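Please keep the sequence and the 3D view open while going through the points.

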Amino acid sequence: MSSKKQKTNGGSYHRGGRRFDPRENKGKGRDETPPEARNVTPVDETTVNIRCFLGKSEPFTGILKQRFQDFIVNEIDPQGNVVHLTNLNPPENTDISEEITPELRQEAIQLVGEPKATEFFAAMEKAEAEPKFKFTFEPADKDARTSLHKFIKKCYSKFSSETNGDRVVVVHQSKDRRVRRAEETRGWPADRPKYLQFTLYKENKDTTDALDTLGNFSNNKLTSFSFAGTKDKRGCTAQRVTIFKVPAESMSEVNGKLYGIRVGDFKYVENQLRLGDLSGNRFAITVRDLRVSDEVILEAVNQLKTTGFVNYYGLQRFGSGSIPNNKIGLALLQCEWEKAVNLILDPRENESEDSNLFRTFFKETGNVEGALARIPRYLHIERMLLNGLRNSGPKAFINALGFIPRVTRMMYTHSYQSYIWNL
């Protein structure tokens, strides 16, 4: 079935179904600079060596990914299970253990006396539901205050204590997510596997964008997440993700608060996911605007069942931009660090106006701070690279590339490997 290029009546190609969608580009300008002015070659099947078809049926045209709901991808894990998001709730009884043992109760009694200890433990049972919760102690001296602070830190991962100006110890919920995150890690139960595995379901977002958004909300770095492979941006996708020592309760808080992202099916595992830890992907694809008879389509489908298809790596592996990932990968393999940086940051065909304004500004000026002030929020990889140039120096290209997650750098080199496979 030769429907890889979708040709319209006007004769223009819509690679990957990237027909202009007013909903997608609402509020954004379109860069009308011709490709030849930017010295770029648009990516299509022939540029990545996809040239042969096994089928002999009559060719026909259609539109792929006119809507992101037209392209559904479910990862298949190494055991052959198709990944679906089925449960948004964290597992029962998996909160960071804050059980107060008889030994801890006795320690509290020795510190503050039995009446105060009893009052404190009773208050703490309801404390998490009260954001403005406070409980005070009035220790006799500095040593008593220090012992009390250590006790609170040891017993409660989501609460902090501090001494105010009146030398009163105040217990309250951790104000800073980073403090809470550190305390959760320190309080991790010894018998719990150290990685949280969950299913990430996303709509119309690439994997890096979704995880960066998820990390910002949950106060985790993008590099903290690991996964078996990236999934299409323009689609509805489900895949497994792992992260180091994050409670399921904490990660589940994002549900209902982030547009187009949901997480669930939480499970604690011993090992993190690595690139390639999957059997494949299952696709459900809607092709629209078919201008051909049912008989032709049926013949093409039957031939596909009989003869199969050439096992090419498709356009997804090379990216949807006018600068393909395989060119970046080749620059990395050849240790041409400056070239790799420029390829990632250079202006691109058919990107939004604000994106190319930032790219053009940086290409013409080399001003890192100015580029960071202009970069759109959704260009996560480019922002990391610019932060690397700012922190390491404008010519420290190899150091700047180290600011990009390892899995993304590997994606570039794997893309070049795929390009060679297609030859």
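The numbered points below go from the whole chain to single residues and pairs.

1. Basis of the note. This is a predicted model, in which local features need pLDDT of at least 70 and side-chain atom pairs count only at pLDDT 80 or more, while totals for chains, interfaces and linings use all residues. Residues are numbered from 1 along each chain as its sequence is written, and side-chain values use heavy atoms, with hydrogens and water left out.

2. Whole chain. The protein chain has 15 helices and 11 strands. Helices (H or I, at least four residues) and strands (E, at least two) are DSSP runs, numbered from the N terminus. Of the 423 residues, 44% are buried. Here buried means under 20% relative accessible area, exposed means over 50%, and partly exposed lies in between (1.4 Å probe, protein chains only). The accessible surface comes to about 23300 Å², and 48% of it belongs to carbon and sulfur atoms. These areas come from the Shrake-Rupley method with a 1.4 Å probe; for residues, only the protein chains shown count as cover.

3. Contacts along the chain. A contact means heavy atoms within 4.5 Å. Among contacts with a separation of 6 or more, 71% are between residues 24 or more positions apart.

4. Helix α3. Which residues of helix α3 (residues 114-124) are buried? They are Ala117, Phe120, Phe121 and Met124. Seen down the axis of α3, these buried residues fall within an arc of 95 degrees, so they line one face of the helix. The arc is that of the directions from the helix axis to the C-beta atoms. The cover over the buried residues of α3 includes α2 (102-112), β3 (134-137), α4 (142-155), β4 (159-163) and β5 (169-173).

5. Aromatic residues. Phe120 and Phe121 also belong to one aromatic cluster, together with Phe133, Phe135, Phe137, Tyr156 and Phe159. In the whole structure, a search finds 13 aromatic pairs. Tyr313 and Trp421 form an aromatic pair that is edge-to-face, at 6.4 Å centre to centre with 75 degrees between the planes. This pair links distant parts of the chain: Tyr313 is in the loop between α8 (294-307) and α9 (325-333), and Trp421 is in helix α15 (residues 406-422), 108 residues apart. Rings of Phe, Tyr and Trp (its six-membered ring) pair if their centres lie within 6.5 Å; planes under 30 degrees apart count as stacked, over 60 as edge-to-face and the rest as tilted. Tyr313 counts as partly exposed at 32% relative accessibility, and Trp421 counts as exposed at 54%.

6. The structure holds 10 salt bridges. A salt bridge is a side-chain nitrogen of Lys or Arg within 4 Å of a carboxyl oxygen of Asp or Glu. One of them joins the side chains of Asp70 and Arg288 (2.7 Å, N to O). Asp70 is in the loop between β1 (63-64) and β2 (71-76), whereas Arg288 is in strand β11 (residues 287-288), 218 residues apart. Is Asp70 buried or exposed? Asp70 is buried, with a relative accessible area of 3%, while Arg288 is partly exposed, at 24%.

7. Other salt bridges. Asp289 forms a salt bridge with Arg291, with 3.1 Å between the closest N and O atoms. Asp289 is partly exposed at 33% relative accessibility, and Arg291 is exposed at 52%. The side chains of Glu336 and Lys339 meet in a salt bridge as well (3.8 Å, N to O). Glu336 is partly exposed at 32%, and Lys339 is partly exposed at 44%. Glu351, Arg359 and Glu382 are linked in a network of salt bridges.

8. A nonpolar patch. Phe283, Ile285, Val287 and Leu290 form a nonpolar patch on the surface, with about 300 Å² of accessible area together. Patches are made of residues with over 30% relative accessible area and no salt bridge: like charges are joined within 9 Å, nonpolar side chains (Val, Leu, Ile, Met, Phe, Trp, Tyr) within 5 Å. Ile285 lies in strand β10 (residues 280-285) and is partly exposed, with a relative accessible area of 43%.

9. Phe361. This residue is in helix α11 (residues 353-365). Phe361 is buried, with a relative accessible area of 17%. Leaving aside neighbours within four places in sequence, Phe361 is in contact with Gly366, Asn367, Gly370, Ala371 and Arg374.
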